[in-house]
Amino acid sequence: MGKYFYITTPIYYPSARPHMGHAYSSIVSDVIARFKRLDGYNVEFLTGTDEHGLKIQRAAEEKGIDPKKFCDEISKTFRNLSNTLNLSNTDFIRTTEDRHVKSVQNLWKILEEKNEIYLSKYSGWYSVSDEAFYNEDEIKEDNGVNISVNSGSKVEWVEEESYFFKLSKWEKKLLKFYDENPNFILPNSRRNEVISFVKSGLKDLSISRKSFSWGIKVPNNNDHIIYVWLDALTNYISALNYPDTKNKKYKNFWPADVHMIGKDILRFHAVYWPAFLLAADLPPPKRVYGHGWILSGEEKMSKSKGNILDPLEIVEKYGLDPLRYYLLKEVSFGNDGSISQDKLENCINSDLANNYGNLCQRVISFNEKNCNLLIPEKNKFEKEDLLILNKVGDSGKLLRSHMDRQELNLYTNFIVDCLFDANKYFNDQEPWKKKSDIKRLNTIVYVSLEIIRKISILLNPIIPETSLKVLEIFNLKQNDLKFDSIKYHESLKSNDKIKKIDILFKKIEKND
Ligand code: MSP
């Protein structure tokens, strides 16, 4: 039996070009996907675009373009984001694809057969921006406009014939499910939020619309289109060839290991989605992780607020790996985090240039001068050598557990700590003073190179390109890398040639 791991990003609304919030959801998912691959898992990593609904229809109308054409254009910019951000996704799904339409209509039919759906009339508040229905107590008036208390987006009154999903009957079963699966929703603060929402009582959910047409048609009643969230959530199984639940992909990868999402779409993923699945007799995902928002100053970065940091501009200016590293290290994962170019520059200078870059640079140039760019013969390891080698070598269990709980900051901080110790080791051992004890000098260089190898493997999921540049000095390629190999202290072969290395990160001149 192979080891399988399935992780998904939210599928993005192609109503505007990608911004840093989207980049963030995708990068953190990519780090986890890459880690799992290093750890020997067969990984399916899905992303894509969510193309139906009134929000998209209106955005297309504003431009005077047919919605499908409109989506074709913007969806491409999200697809290209995979290249720009070096995402290792294995699939990209669009909800306008046949495979998805088939899958959604099938799920609908099953829910209907199981008597989970009925036809009635909806009257209530709807936010087009959130594509969400809100109760009266979730609405407030702001300057004469009705808005959602939570998201602040405008709501409009809707009254029309609609199909309903019997969500209310799942209230107790969902609570039992959360209870039996304490790690279904992480972080814990979000879990509590969801549980109290469900405990406050679930109403049946309107799952079709009649007053516009941009969506997937309800089977057997083409006057209705399927609610965009029932449509969108189903993407996670459409990509595994649902409704064919006997096929290998579905069998290996469902239930998903992690749906990575932003906290604003928690209710859809942690309440509606498991309820739909349980009602259709399908297993719910194993984990929904609701990360925080990327803030610009104190506010959520969003198109409507006009405070977008464009990921493409940042990548162009500073390079991709610095951005990836910065988001992982400086945003407290699970919470909101405000980002700025200033903080990014500090992070590049201190962690990347001074810590990682410097370690690699000085060990290799010392090797060049004293060991001819060869892996030296090592002597017996001393206590100090073993201390630093073991620090990384023994961390496998801890780091796996950090990744499995999506404790991305703890994972990153551990690496920073090791880098600090590795630099200190090289300083304290003073190999430049050991020219008369060549065996000791060689051993210190050997240990330092081993540490660089190990740490670069740990960094590989976060900064794949740069870490690979370093690992290539040992002739290692991406496919050779194994997380488990961090436990070996003598994997480098004496007398093998190593390559020189260019500056990894340029320090940014700062005026202050
Ligand atoms: N289409 C839905 C998701 C459907 S998933 C079945 C959607 N799309 S979105 O484009 O509006 O947002 C996608 C993701 O980006 C969400 O997880 C959202 O939280 C995230 N972000 C959007 N702005 C964000 C920030 N400023 N910061 C961090 N992430 C935020 O919702």
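Predicted model: local features only at pLDDT ≥ 70, side-chain atom pairs only at ≥ 80, totals over all residues.
Author: Local features here need pLDDT of at least 70 and side-chain atom pairs pLDDT 80 or more, while totals for chains, interfaces and linings use all residues. Residues are numbered from 1 along each chain as its sequence is written, and side-chain values use heavy atoms, without hydrogens and water.

Reader: Why is His-259 called buried?

Author: Buried means under 20% relative accessible area, with exposed over 50% and partly exposed in between (1.4 Å probe, protein chains only). His-259 has 0%, so it is buried.

Reader: What makes His-259 and Trp-273 a polar contact?

Author: A polar contact is a pair of N or O atoms within 3.5 Å; within protein, one must be able to donate a hydrogen and the other to accept it, and residues adjacent in sequence count only if both atoms are side-chain atoms. The side chains of His-259 and Trp-273 are joined at 3.1 Å. His-259 is also in contact (heavy atoms within 4.5 Å) with residues including Thr-8, Tyr-236 and Arg-287.

Reader: Which residues are closest to the ligand?

Author: Of the 25 residues that surround the ligand, the closest are Ile-11, Asp-50, Gly-262, Asp-264 and Ile-294; near means a heavy atom within 4 Å.

Conventions: Lists of a residue's contacts leave out its neighbours within four places in sequence.
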